[in-house]
Amino acid sequence: MGEFRARAPGKIILAGEHAVVHGSAAIAAAIDLYTQSSLHLLPPSEEEDAGKVEVDLRDTGLVFSWPCSQLWEALGDKLAGVNSPRPCSSDELAAMAKLLEQEEIPEDKIWIAAGLSAFLYLYTSILGCRPGKAVVKSDLPLGAGLGSSAAFCVSISGALLAAAGAVCAQFGNARTEWGSFGKDDLELVNQWAFQGEKIIHGKPSGIDNAVSTFGSMIKFKNGEFTNLISRNPVKMLITDTRVGRNTKALVAGVSERVSRHPDALASVISAVNSISEELSSIVELAVEDEIAITAKEEKLAELMEMNQGLLQCMGVSHSSLETVLRTTLKYNLVSKLTGAGGGGCVLTLIPSLLSKSVLEKTTDELESHGFRCFQVEVGGRGLQFCRG
Ligand SMILES: Nc1ncnc2c1ncn2[C@@H]1O[C@H](COP(=O)(O)OP(=O)(O)O)[C@@H](O)[C@H]1O
Ligand SMILES: C[C@@](O)(CCOP(=O)(O)O)CC(=O)O
Ligand SMILES: [Mg+2]
């Protein structure tokens with residue numbers, strides 16, 4: 001029956017994480033690291049269990065499968081709604097938790113239960129309880145602030161919706177390997193992926209699934225977004241502290257702080273909103289001579305530094321992140337955490353005139369702490385589809 005293969009990028013957040021959950025604007029951009037999902041539909045089985053749904057999570061080395069009859073019993077058939085994404089109910093969440101209890105997931109990998117629930121929900125909502133086999137693999141570090149949860153939900157939703165015939169990819173010419181979806185198709189994928197993100201994050205803003213689906217650089221606020229045209233290349237070094245953390249817990253922690261100190265946090269969130277607004281207009285400024293480019297980069301750096309201070313106010317920094325900030329500052333480079341914080345990744349702005357040797361020294365020193373550094377392309381493509 002062929003293969004349905006989709007890939008969706010991770011992201012960096014240049015400004016506004018967490019505050020965006022509480023109504024502030026935020027700026028995010030797709031990066032050239034992808035999660036890829038491939039799906040094979042299998043013919044219905046004559047056997048009593050009616051075949052299986054299998055998912056091979058390559059990054060974890062674990063494979064899971066459920067008889068279709070068991071999925072049907074637990075979750076029922078909700079096929080009619082493929083064109084109208086709806087949230088997972090608490091009964092469905094409980095039914096999936098019960099299914100997963102039987103899986104004996106290793107204690108040190110228990111975090112994949114959230115991803116598995118999102119997979120099961122999206123699969124059964126979009127394809128029903130028919131047999132199939134999915135393989136998911138990612139270039140992204142998982143749970144590190146680069147939006148692996150959104151890339152997971154977007155790529156799976158893309159592959160499932162293509163298999164269901166609800167979306168159709170377009171290919172520019174016969175030799176293009178990766179095609180893209182039209183705007184309405186992308187919107188449908190984005191809405192389903194958001195339902196998956198809700199299972200993983202609890203209360204997502206929707207920024208990660210939007211930028212993973214549509215790509216580019218976006219300004220996102222209250223569920224709406226606009227594309228930003230970045231006139232000069234934005235170069236960022238990413239440092240992964242390798243300190244594990246969980247977005248759902250961090251988002252919940254900030255919400256608790258907001259309810260304990262509503263007035264103080266309202267001011268923090270409003271300050272972040274101003275930073276995001278200013279950052280978006282600076283990114284779109286077209287400048288050409290060296291002096292103007294340096295002035296633009298200095299403004300971006302200052303806004304990132306201010307945003308980092310406010311993230312600290314929200315309680316989402318971490319000693320490993322502070323070590324990265326201190327180390328890069330020795331070389332006059334400005335950094336901020338990206339994503340949910342509490343560990344995970346840091347962004348360091350690389351000014352266009354920075355010498356190669358300073359960048360190397362910075363990277364070496366960061367890596368001597370056990371961190372991993374890499375550079376990414378910022379603002380690239382969103383969801384793509386490949387013919388099987
Ligand atoms: N490739 C993948 N394989 C299995 N689970 C994944 C994968 N990508 C994401 N996930 C799920 O998403 C979770 C990480 O999401 P989150 O805590 O939001 O961090 P981030 O989105 O910054 O990577 C993982 O714990 C897992 O449940
Ligand atoms: C903290 C937040 O702003 C971004 C979370 O990103 P990540 O899952 O840490 O990559 C949450 C959200 O906007 O949904
Ligand atoms: Mg996430």
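Tutor: The questions below concern this predicted model.

Student: How are α8 and α9 oriented towards each other?

Tutor: Two packed helices are described by the angle between their axes and the distance between the axes. Helix α8 covers residues 262-284 and helix α9 covers residues 290-313; their axes lie 10 Å apart at an angle of about 160°. An angle over 145 degrees counts as roughly antiparallel, so α8 and α9 are roughly antiparallel.

Student: What is the handedness of the crossing of α8 and α9, and which classes of residue make up the contact?

Tutor: The crossing of α8 and α9 is left-handed. From α8 the contact includes Val 268, Ala 271 and Glu 278, and from α9 it includes Lys 296, Leu 300 and Asn 307. Sorted by class, the contact of α8 with α9 has twelve nonpolar, one polar and three charged residues.

Student: How are α3 and α4 oriented towards each other?

Tutor: Helix α3 spans residues 112-127 and helix α4 spans residues 148-163, and they pack with their axes 10 Å apart at an angle of about 20°. Angles under 35 degrees count as roughly parallel. Therefore α3 and α4 are roughly parallel to each other.

Student: Which residues of α3 and α4 meet, and how many of the residues in the contact are nonpolar, polar and charged?

Tutor: The crossing of α3 and α4 is right-handed. Gly 115, Ala 118, Phe 119, Leu 122, Tyr 123, Ile 126 and Leu 127 of α3 meet Phe 152, Cys 153, Ile 156, Ser 157, Leu 160, Leu 161 and Ala 163 of α4. By class, the contact of α3 with α4 has twelve nonpolar, two polar and no charged residues.

Student: Is Ala 163 buried or exposed, and what does it touch beyond its neighbours in sequence?

Tutor: Ala 163 lies in helix α4. Its relative accessibility is 14%, and because a value under 20% means buried, Ala 163 counts as buried. Leaving aside neighbours within four places in sequence, Ala 163 is in contact with Phe 4, Leu 39, Leu 41 and Leu 127.

Student: Where is Leu 228 found, is it buried or exposed, and which residues does it touch?

Tutor: Leu 228 is found in strand β8, which covers residues 224-228. With a relative accessible area of 6%, Leu 228 is buried. If residues up to four places away in sequence are not counted, Leu 228 touches Ile 27, Ser 216, Met 217, Ile 218, Lys 219, Ser 280 and Glu 284.

Student: What distance separates the C-alpha atoms of Val 20 and Gly 223?

Tutor: Val 20 lies in the loop between β1 and β2, and at 6% relative accessibility it counts as buried. Apart from neighbours within four places in sequence, Val 20 is in contact with Ala 26, Ser 205, Ile 207 and Phe 220. Val 20 and Gly 223 are 203 residues apart along the chain, and their C-alpha atoms are separated by 9.4 Å.

Student: Where is His 18, is it buried or exposed, and what is its phi?

Tutor: His 18 has its place in the loop between β1 (3-15) and β2 (26-41). At 5% relative accessibility, His 18 counts as buried. Its phi is positive although the residue is other than glycine, with a value near 65°.

Student: What is the phi of Asn 332, and is that residue buried or exposed?

Tutor: Asn 332 lies in the loop between α10 (319-330) and β10 (335-337). It is not a glycine, yet it has a positive phi of about 60°. The relative accessible area of Asn 332 is 69%, and since exposed means over 50%, Asn 332 is exposed.

Terms used:
Residues numbered from 1 in each chain as written. Chains lettered and ligands numbered in written order. Predicted model: local features only at pLDDT ≥ 70, side-chain atom pairs only at ≥ 80, totals over all residues. Heavy atoms only, no water. Helix = DSSP H or I, 4+ residues; strand = E, 2+ residues; numbered from the N terminus. Buried < 20%, exposed > 50% of the residue type's maximum accessible area, 1.4 Å probe, protein only. Contact = heavy atoms within 4.5 Å. Axes fitted to C-alpha atoms, helices over the stretch in contact; angles between N-to-C directions. Parallel < 35°, antiparallel > 145°, perpendicular 65-115°, else oblique. Left-handed = near helix turned anticlockwise from the far one by under 90°. Nonpolar A, V, L, I, M, F, W, Y, C, P; charged D, E, K, R; others polar.
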